[in-house]
Amino acid sequence: MEFKVLSTCGEARYGKLKGTHGETETPCFMPVGTLGAVKGVTWKNVKEMGYSLVLSNVYHLYLRPGLEVIEEAGGIHSFTGWKDLILTDSGGFQVFSLGSLMKLTEEGVEFCSHLDGSKHFFTPEFVIEFEERIGVDIGMVLDECTPYPATYDYAKHSMERTLRWAKRSIEARTTDRTALFGIVQGGVYEDLRLKCVEEITRLPFEGFAIGGLSVGEPKEEMYRITRLVAPNLPSDKPRYLMGVGTPEDILEAVEAGVDMFDCVMPTRNARNGTLFTSYGKVNIKAAKYKKDFTPLDPNCDCYTCRNFTKAYLRHLYVSREVNSVILNTIHNLHFYAKLMEGIREAIKEGRFAQFKEEFLRKFRGEGS
């Protein structure tokens, strides 16, 4: 993997990341395709919006369709039909979210499938093997996702296990066709985060992620840790803030020096009838839109906004039409793509702070 920072504006960075199956500009947002598909849209839609890097998940792909099926198909790109870059999360967050259905040991983590209750065991080495064998461009290592709240001692032991697992992951790799990212943990404790940064950046990872945020902590805590960690990560490698987030979160993190993001928010909210627009969020199921024959966002040029009204989108949603999911998802993903495009242009032109201020003032307004 190759990564170059081409422009900066304060801590904000514009760059290009190149992997085995293509390249993407950063800062970038990765649509979430947990099971090898982005819910509600086709790959053609995703590509036409300007995305060239998507995220999938080892936990879910392991359970179905399974390693053998993907490998026999020729790898994850051949199996899914997505020809560009793919990053896989290790599934650590999903496993640790299982609560009592999960048992943590130094060797790895035992868990029961959410599908049928069957028992499975992930080790750091197996996760790397899985990612390499299905041929992803970027693989995340298995880490212990520290919950919030967590005591200092718990966060410390969790962070130290993440570091031990990171070393085992590096030792397990067999190819450089799959780049590996290490993950910084440490809860909301500054000294633990900095200690983790110091230790994990000594390992030969191609990039680094900030994990354990957006797990229930107050926004101020998320921003504080992001502003602490991001500038201390290597300047010549990509920085990824996992599971984030809202447009406001992305702008704050870009300002701190983060390059990569993912979140289910645009697609999940689309399915629930919440749409992002340049003048704020719209709850399309609201009765006030029943006879609103104006576009969802007059400043948006997506397929949905160019062809349909809020009244029609509301009708589709309350009628539970499949087209509601499709059109809402197209809009929300387009909105995020345009946000990232605007961020990149602003950084290149040295006006990111102005862009952020203007975007948020409008986005937090009272409406159209």
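Me: Is Glu217 buried or exposed? Which side chain of opposite charge is nearest?

Reply: Start with the cut-offs. Buried means under 20% relative accessible area, exposed over 50%, partly exposed in between (1.4 Å probe, protein chains only). A salt bridge puts a side-chain nitrogen of Lys or Arg within 4 Å of a carboxyl oxygen of Asp or Glu. For charge, Lys and Arg count as positive and Asp and Glu as negative; His and the chain ends are not counted. Now the case. Glu217 is buried but has no salt bridge. The nearest side chain of opposite charge is Arg193, 7.3 Å away.

Me: What kind of model is this?

Reply: It is a predicted model, where local features need pLDDT of at least 70 and side-chain atom pairs pLDDT 80 or more, while totals for chains, interfaces and linings use all residues. Residues are numbered from 1 along each chain as its sequence is written, and side-chain values use heavy atoms, with hydrogens and water left out.

Me: Where does Glu217 lie? Which backbone nitrogen does its side chain reach?

Reply: A polar contact is a pair of N or O atoms within 3.5 Å; within protein, one must be able to donate a hydrogen and the other to accept it, and residues adjacent in sequence count only if both atoms are side-chain atoms. Glu217 sits in the loop between β12 (207-210) and α9 (219-229). Its side chain reaches the backbone nitrogen of Val215 at 2.9 Å. The backbone nitrogen of Ser214 lies 2.6 Å from a polar atom of the Glu217 side chain.

Me: How many salt bridges does the whole structure hold?

Reply: A search finds 27. One of them joins Glu206 to Arg173, with the closest N and O atoms 3.2 Å apart. Glu206 is in the loop between α8 (190-200) and β12, Arg173 in the loop between α7 (152-172) and β11, so the pair ties together parts 33 residues apart in sequence.

Me: Which helices hold Glu252 and Lys356?

Reply: Their salt bridge has its closest N and O atoms 3.0 Å apart. Glu252 lies in helix α10 (residues 247-256) and Lys356 in helix α15 (residues 352-363), so the pair ties together parts 104 residues apart in sequence. Both Glu252 and Lys356 are buried. Salt bridges with shared partners also link Glu106, Glu144, Arg161 and Arg164 into one network.

Me: Which residue meets Arg202 in a salt bridge?

Reply: Glu198, at 3.1 Å from N to O. Arg202 is exposed, with a relative accessible area of 57%. Glu198 counts as partly exposed at 38%.

Me: In what order do the eight strands of the open sheet run?

Reply: Strands of a sheet pair through backbone hydrogen bonds, either parallel or antiparallel. Helices (H or I, at least four residues) and strands (E, at least two) are DSSP runs, numbered from the N terminus. Two strands pair if DSSP finds at least two bridges between them. Here the order is β4-β14-β13-β12-β11-β10-β6-β5, and the pairing is parallel. The edge strands, β4 (28-30) and β5 (53-57), each pair on one side only. Neighbouring strands are turned by 25° on average, direction ignored. Such angles run from 0 to 180 degrees between N-to-C directions, with axes fitted to C-alpha atoms, for helices over the stretch in contact. Within this sheet, three bridges join β10 (residues 138-140) to β11 (residues 179-184). Gly139 stands opposite Leu180 in β11.

Me: And the sheet of three strands: parallel or antiparallel?

Reply: Antiparallel, in the order β1-β2-β3. β1 (2-9) and β3 (22-26) are the edge strands. Neighbouring strands here are turned by 10° on average, direction ignored. Strand β2 (residues 12-19) meets β3 over five bridges. Gly19 stands opposite Gly22.

Me: Which residues of strand β15 point one way, and which the other?

Reply: In a regular strand the side chains alternate between the two faces of the sheet. From β15 (residues 274-277), Thr274 and Phe276 point one way, Leu275 and Thr277 the other, and all are buried. β15 pairs with β16 (residues 280-283) in the antiparallel sense over four bridges. Leu275 has Val282 as its bridge partner.

Me: How many residues lie between β8 and β9 in their hairpin?

Reply: Six; Gly117 in the turn has a positive phi of about 80°. Four bridges join β8 to antiparallel β9 (residues 119-122). Cys112 has Lys119 as its bridge partner in β9.
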